[in-house]
Amino acid sequence: MSTEEEISAKIGELGESIKAAKAEKKPKEVWDPILKEMLALKAKFKEVTGKDFGPPPKEKKKPQQQQQQQEVSEKNKEKKAKKAAEKAAEKAAKEAKKLANRLERERREKEKAARLAGVGATNFGDAEMVKSGRVTEKVWTEIADLKPSLAGKEVLVRGHLQTARLVGKGAFVLVRSSLYSVQGVCFETKDGSISNAMVK
């Protein structure tokens, strides 16, 4: 016996003989030599074929309920991952919107502060001391010389501030020089040419 079929057939015969001997309740001394011969043939079968004698082991199948639970678990993981991704994207969008709003608010506040401070304005503030050593093109008009004929014209006057009064977004001042005085008014403009700082 050298082929797989021959060895398998012989092992089957010996197995039937052992089964019959046991059924007839014969002593071990009777069927033990047959068992040893069968074991020797099984060893030879493995040498010839490279595998153990007998049917291949069956793969353990997962119970249907366990398989269903696993499928549900996988679906839950996918849902959780998707939900987490959506939540992260929503949070990122909110943060981006908050940042954009904050930057826009800061820009507006900066523009407002600059407007109120009169940034870029050259028509108000502390003037330098008038010195006779330097001649400018400015033409000053004495307060005493202010006449109705000058209405609508731009003139430069100087004197000391006698009174100043703020009313809403405007200011009223009284400038005096010697025995004469003139009242001036100033109102904040929307274009920033006259700022809140200038009025104050």
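**Exercise 1. Determine how helix 1 and helix 2 pack in this predicted model.**

Solution. 
Step 1. Take the geometry of the pair. Helix 1 covers residues 4-23 and helix 2 covers residues 28-49. Their packing angle is about 155 degrees, and the axes lie 9 Å apart.

Step 2. Classify the angle. Angles over 145 degrees count as roughly antiparallel, so helix 1 is roughly antiparallel to helix 2.

Step 3. Assign the handedness. The crossing of helix 1 with helix 2 is left-handed.

Step 4. List the residues that make the contact. Helix 1 contributes Glu4, Ile7, Ser8, Lys10, Ile11, Leu14, Gly15, Ser17, Ile18, Ala21 and Lys22. From helix 2 come Trp31, Ile34, Leu35, Glu37, Met38, Leu41, Lys42, Lys44, Phe45, Val48 and Thr49.

Step 5. Sort these residues by type. The contact of helix 1 with helix 2 holds 12 nonpolar, 4 polar and 6 charged residues.

**Exercise 2. Describe the position of Gly15: is this residue buried, partly exposed or exposed?**

Solution. 
Step 1. Locate the residue. Gly15 belongs to helix 1, and it is one of the residues of that helix in contact with helix 2.

Step 2. Apply the accessibility cut-offs. Buried means under 20% relative accessible area and exposed means over 50%. Gly15 has a relative accessible area of 21%, so it is partly exposed.

Step 3. Relate Gly15 to a residue of the other helix. Trp31 is among the contact residues of helix 2.

**Exercise 3. Characterise the loop residue Lys25: what is its phi, and is it buried or exposed?**

Solution. 
Step 1. Lys25 sits in the loop between helix 1 and helix 2.

Step 2. Read the backbone torsion. Lys25 is not a glycine, yet its phi is positive, at about 60 degrees.

Step 3. Judge the accessibility. With the limit for exposed set at over 50%, the 74% relative accessible area of Lys25 makes it exposed.

**Exercise 4. Work out the strand order and the pairing in the sheet.**

Solution. 
Step 1. Pair strand 1 with strand 2. Strand 1 (residues 160-167) and strand 2 (residues 170-177) are antiparallel and share 7 bridges. Among the residue pairs, Ala164 has Val173 of strand 2 as its bridge partner, and Thr163 has Leu174 of strand 2.

Step 2. Arg176 stands opposite Ser181 of strand 3, while Ala171 stands opposite Cys186 of strand 3.

Step 3. The 3 strands form an open sheet with the order 1-2-3 and antiparallel pairing. Strand 1 and strand 3 are the edge strands, each pairing on one side only. From one strand to the next, the twist averages 15 degrees.

**Exercise 5. Examine the two hairpin turns: which residue has a positive phi in the hairpin of strand 1 and strand 2, and which in the turn between strand 2 and strand 3?**

Solution. 
Step 1. Inspect the hairpin of strand 1 and strand 2. There are 2 residues between these strands, and Gly168 takes a positive phi near 60 degrees.

Step 2. Inspect the hairpin of strand 2 and strand 3. Here 2 residues also lie between the strands, and Ser178 in the turn has a positive phi of about 60 degrees. Ser178 is not a glycine.

**Exercise 6. Summarise the chain: how many helices and strands does the protein have, and in what pattern do they follow along the sequence?**

Solution. 
Step 1. Count the elements. The protein has 4 helices and 3 strands.

Step 2. Along the sequence the pattern is α-α-α-β-β-β-α.

Step 3. The protein has 200 residues, of which 10% count as buried.

Step 4. Among contacts between residues at least 6 apart in sequence, 39% join residues at least 24 apart.

Methods:
Residues numbered from 1 in each chain as written. Predicted model: local features only at pLDDT ≥ 70, side-chain atom pairs only at ≥ 80, totals over all residues. Heavy atoms only, no water. Axes fitted to C-alpha atoms, helices over the stretch in contact; angles between N-to-C directions. Parallel < 35°, antiparallel > 145°, perpendicular 65-115°, else oblique. Left-handed = near helix turned anticlockwise from the far one by under 90°. Contact = heavy atoms within 4.5 Å. Nonpolar A, V, L, I, M, F, W, Y, C, P; charged D, E, K, R; others polar. Pairing = 2+ DSSP bridges. Buried < 20%, exposed > 50% of the residue type's maximum accessible area, 1.4 Å probe, protein only.
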